[in-house]
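Please read the following briefing alongside the sequence and the coordinates.

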Amino acid sequence: MSRPAPRAARYALRAAALAAALGLWQLLTGLDVDVWLRFSQFPTVTDVAHAFADRLAGADYWTDLTDSLTRILTGFLLAAVLGVAGGVLVARSRLAEDLLGPLLEVVRPIPAIALVPVAILLFPSNEQGIVFITFTAAFFPVLVSTRHAVRALTPVWEEAVLTMGGSRWRILGSVVLPGALPGVFGGLSVGIGVSWICVISAEMISGQYGVGYRTWQDYTIVDYPGVFVGMVTIGVLGWLTSMAVELLGRRLTRWLPRTSYVPGARVPRRTRQAPSPAPAGPRPKEDVSHDQLV
């Protein structure tokens, strides 16, 4: 069985893959390659790098960054708290499932970005409407994942706590929430990604500041390097926040058994065991018939 590669080698491989992608981008755009895909319309890597350096030197970039992070964190934290609470409630209470289940299932298929007109009419400011869109985008993945995780718990754990005299709140704190944590963080990981998609779209439609608003403004004035600066910023922010959620989930679920995944590793074949030798000692006497003696 092959050994897993060292961590430094894995990071070097990832950096090499990213450098190769950037090199291919620079090559295709620098040579103005037009083979079905029109790379001649794209800015080169150096153009984007120069535009990025100019943005970093200005105050507007950091203002947009702060506004987008404030919106995403506010909406996501609200969705995390209410989504986990709602998922546990619907999974544990038949009355809550009957009252809230149909309403949630009707609203859940509606894309969060389609609620922008509702947010504009409902909230007095665009800022509150964007936070609402972000909250809605993350709420349903967290709710559904929590509900399935709670329902998948084995009832033996709950029965054991009840046998030892534990209350319902004790079951909730000692069995339900810890047991559902892996599913909860699965929903949080999905929710943070969907939140970034929707907050950027909401900023493009009704925002005044933010990364999405600035990216759309660059598009309207045909500043394509600026558009790619916004795209890179969105990608980096989404990656950092997703990694933070994943690291927090690993920290809170240390008690789970971990498996070391080694891509491409061969599983050793099971060798066929030889039959065990007969125990030493006197052999039993065989019955001999009369015909054999004759």
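Helices (H or I, at least four residues) and strands (E, at least two) are DSSP runs, numbered from the N terminus. This is a predicted model, in which local features need pLDDT of at least 70 and side-chain atom pairs count only at pLDDT 80 or more, whereas totals for chains, interfaces and linings use all residues. Residues are numbered from 1 along each chain as its sequence is written, and side-chain values use heavy atoms, with hydrogens and water left out. The secondary structure of the protein comes to 11 helices and two strands, and from the N terminus on the order of elements is α-β-β-α-α-α-α-α-α-α-α-α-α.

**Burial and contacts overall**

- With contact taken as heavy atoms within 4.5 Å, 71% of the contacts between residues at least 6 apart in sequence join residues at least 24 apart.

**The nonpolar core**

- A nonpolar core is a set of buried Ala, Val, Leu, Ile, Met, Phe, Trp, Tyr and Cys residues joined through side-chain atoms within 4.5 Å; the largest one here has 48 residues, and those with the most contacts inside it are Ile133, Phe139, Leu188 and Trp196.
- At least two residues of this core are supplied by each of H2, H3, helix H5 (116-122), helix H6 (126-151), H8 and H10, and the largest share, 13 residues, comes from H8.
- Leu188 touches Phe76, Ala80, Val142 and Val245, when residues up to four places away in sequence are not counted.

**Helix H9 and its surroundings**

- In helix H9 (residues 211-220), the buried residues are Val211, Gly212, Thr215 and Asp218.
- Seen down the axis of H9, these buried residues fall within an arc of 125°, the arc being that of the directions from the helix axis to the C-beta atoms, so they line one face of the helix.
- The partners against which the buried residues of H9 pack are helix H2 (45-56), helix H3 (59-92), helix H8 (168-206) and helix H10 (224-252).
- Thr215, which is found in H9, counts as buried at 6% relative accessibility, and, leaving aside its neighbours within four places in sequence, Thr215 is in contact with Met204, Val227, Gly230 and Ile234.

**The crossing of H2 and H10**

- The axes of H2 and H10 come within 8 Å and cross at roughly 75°, where axes are lines fitted to C-alpha atoms, for helices over the stretch in contact, and angles run from 0 to 180 degrees between N-to-C directions.
- That angle makes H2 roughly perpendicular to H10, since angles under 35 degrees count as roughly parallel, over 145 as roughly antiparallel, 65 to 115 as roughly perpendicular and the rest as oblique.
- On the H2 side Asp47, Val48, Ala51, Phe52 and Arg55 meet Pro225, Gly226, Phe228, Val229, Val232 and Thr233 of H10.
- By class, this contact has seven nonpolar, two polar and two charged residues, with Ala, Val, Leu, Ile, Met, Phe, Trp, Tyr, Cys and Pro counted as nonpolar, Asp, Glu, Lys and Arg as charged, and the others, Gly among them, as polar.

- Thr241 in helix H10 counts as buried at 15% relative accessibility, and Thr241 touches Ile192 and Trp196, not counting residues up to four places away in sequence.
- Thr241 and Ile72 are 169 residues apart in sequence and 9.8 Å apart in space, C-alpha to C-alpha.
- Val194 lies in helix H8 and counts as partly exposed at 28% relative accessibility; the C-alpha atoms of Val194 and Gly238, 44 residues apart along the chain, are separated by 9.6 Å.

**Positive phi in loops**

- Most residues other than glycine have a negative phi, and most peptide bonds are trans.
- Asp32, in the loop between helix H1 (7-30) and strand S1 (34-35), has a positive phi of about 55° although it is not a glycine, and Asp32 is partly exposed, with a relative accessible area of 46%.
- Val222, in the loop between H9 and H10, likewise has a positive phi, of about 60°, although it is not a glycine, and Val222 is exposed, with a relative accessible area of 53%.

How values were computed: Buried < 20%, exposed > 50% of the residue type's maximum accessible area, 1.4 Å probe, protein only.
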